[in-house]
Amino acid sequence: MERYDLIILGGGAAAFAAATEADRLGLKTAMVNGGLPMGGKCVNVGCVPSKHLLALGKALRHPVHPAFQSVGPATPAFDFGKAMVEKDALVLGLREQNYRQVLGSFGNVKWFEGRGTFSSSNVVKVNGRELEGDKILIATGCSTYAPPFEGLKETGFLTHIEALSLKNLPSSLIVFGVGPLGLEFSQIYSRMGAHVTVVARGKRVLKTQEPEISEALRGYLEEEGIEIVTEARVVRVAKINGGKTVTVETPEGQRTLTTENILAATGERGNIEGLGLERIGVATVDDSYIRVDEFLQTNVPHIYAAGDVVGQKCLETVAAKQGKIAVENAFNGGKRKIDFHSLPHAVFTDPEAAGVGMTEERYMAAYGTCNCRTVPLDRVPRAVAVRDTRGLVKMVAHHETGQVMGVHILAPCASEMIHEATLAVKMGLTVDDLIDTVHVFPTYSEAIKMAAQAFRRDISNMSCCVE
């Protein structure tokens with residue numbers, strides 16, 4: 001039996017961050033991966049390929065709808081097959097550069113390709129070999145699950161993984177889900193030329209975002225031709241004449257939607273099946289995620305878990321941070337944990353949505369009062385100058401101290417703008433600190449300063465030179 005200081009189950013962001021820290025500490029480490037290819041979800045079927053295709057969608061749409069009167073519309077040529085080949089080449093290149101080469105640089109980490117299962121609480125079996133570990137980290141990620149709609153499995157559907165490997169562009173697509181995954185893929189395929197209909201049980205898209213952002217983003221997507229059907233209960237899914245139908249019940253009555261294909265983007269579950277957790281007594285949450293404490297330790301003391309498999313925040317950055325922290329806590333007796341209050345997030349639609357800290361609803365629940373300001377981008381000189389005023393910035397500040405408690409952005413570059421706000425929330429800065437900070441003019445980021453100024457003055461009658 002081969003013995004290791006640490007066995008890592010998984011090969012994605014959490015696993016590689018953990019392996020990097022373990023190698024730095026000189027720990028003899030085994031990485032066992034039987035899921036997605038090396039690099040996990042982000043590089044293979046998540047962040048990298050989807051953001052590449054979203055950028056491709058921008059390149060297709062913006063020439064057709066120029067922002068300037070002096071520029072005439074033009075329709076770019078588009079080859080779906082070549083787009084998929086280009087995407088695959090990008091993935092292969094980054095997998096090699098950021099993962100395979102990195103693995104080769106480790107002096108203390110050995111890679112095992114294959115599904116790892118627990119023989120006992122300290123022993124993992126992979127391809128007939130038994131590995132013994134003093135500490136074990138489960139970082140097996142998560143997968144999309146199918147909603148329990150009548151007829152869906154029999155009819156057939158895509159997950160985002162299959163949607164990234166289609167050989168032909170579907171003429172039409174129904175998307176279940178109005179979270180980040182559903183909306184991003186809706187915009188990708190709509191801009192490529194598919195007729196996209198989004199179906200949601202709830203009343204609004206991106207329900208965890210501020211209502212103003214949800215409402216505005218829905219309007220922008222609908223202006224592009226994406227049909228969004230909310231408050232829709234799926235009655236059944238069926239095959240018909242080579243296509244597929246989805247029957248929904250809405251407040252206006254029952255509708256039957258016809259489509260070539262269906263994408264399910266309704267949620268994810270941790271990859272825990274087949275690990276043998278029940279054999280060693282590792283506790284789970286609703287048989288979907290591994291239960292950990294705030295220090296990423298399971299109820300079995302020498303076993304930790306990190307990343308999407310714990311289901312806290314399914315983000316690549318969180319997974320990586322958790323992987324490193326888990327190793328530190330396991331081997332250095334640390335008590336490190338993630339500050340979720342100052343954790344930024346982003347949705348890469350066009351325009352993008354991003355946020356950090358408390359929403360107005362959460363602040364109201366905690367303090368019983370509201371102290372928020374919202375600045376539409378048509379007040380921001382840069383947005384006006386470049387003819388793209390889609391969006392807004394909403395800031396939540398403490399009603400007594402003026403400390404920045406949350407910032408929420410809808411803008412063409414919200415994912416870039418959010419980092420100033422993240423530092424403000426993380427470091428406990430006030431709106432006056434932001435006002436006192438000189439910003440480059442003209443930039444979209446000035447909207448954050450203007451939101452802070454709105455707590456101190458009427459910005460509807462304000463020169464762009466005001467400090």
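**A walk through the predicted model**

In strand 13, G253 is the bridge partner of T250. The structure shown here is a predicted model. That bridge belongs to a pair of strands: strand 12 (residues 243-250) and strand 13 (residues 253-259) run in the antiparallel sense and share seven bridges. Two residues form the hairpin that joins strand 12 to strand 13.

Turn next to helix 4. This helix covers residues 80-105, 26 residues in total. From first C-alpha to last it reaches 37 Å, close to the 38 Å expected at 1.5 Å a residue.

Which residues of helix 4 are buried? They are F80, A83, M84, K87, V91, R95, Y99 and L103. An α-helix has 3.6 residues a turn, so residues three or four places apart point the same way. The buried residues of helix 4 pack against several elements. The helices among them are helix 1 (13-24), helix 2 (40-45), helix 3 (47-64) and helix 7 (180-192). The strands are strand 2 (29-33) and strand 3 (109-113).

Now the cores. The largest nonpolar core holds 56 residues. Those with the most contacts inside it are I7, M31, F118, I138 and I290. Helix 1 gives this core seven residues, the most of any element. A second, separate core has 38 residues, including A83, M84, V175 and I213. A83 and M84 are also among the buried residues of helix 4.

Beyond its neighbours within four places in sequence, M31 contacts I8, G10, G11, A15, F16 and A19, among others. Its partners also include L103, V109, K110, W111 and F112. L103 is one of the buried residues of helix 4.

D5 sits in strand 1 (residues 2-9). A polar atom of the D5 side chain lies 2.8 Å from the backbone nitrogen of K28. Leaving out residues up to four places away in sequence, D5 touches L27, K28, G133, D134, K135 and F331.

The last stop is Q297, in the loop between strand 17 (289-290) and strand 18 (303-305). What does the side chain of Q297 reach? It reaches the backbone oxygen of P301, at 2.7 Å. Not counting residues up to four places away in sequence, Q297 touches R291, V292, I303 and Y304. Q297 and L137 are 160 residues apart along the chain, yet their C-alpha atoms are separated by 9.1 Å.

Methods
Residues are numbered from 1 along each chain as its sequence is written. This is a predicted model: local features need pLDDT of at least 70, side-chain atom pairs count only at pLDDT 80 or more; totals for chains, interfaces and linings use all residues. Side-chain values use heavy atoms; hydrogens and water are left out. Helices (H or I, at least four residues) and strands (E, at least two) are DSSP runs, numbered from the N terminus. The expected span of a helix is 1.5 Å times one less than its number of residues. Buried means under 20% relative accessible area, exposed over 50%, partly exposed in between (1.4 Å probe, protein chains only). Contact means heavy atoms within 4.5 Å. A nonpolar core is a set of buried Ala, Val, Leu, Ile, Met, Phe, Trp, Tyr and Cys residues joined through side-chain atoms within 4.5 Å. A polar contact is a pair of N or O atoms within 3.5 Å; within protein, one must be able to donate a hydrogen and the other to accept it, and residues adjacent in sequence count only if both atoms are side-chain atoms. Two strands pair if DSSP finds at least two bridges between them.
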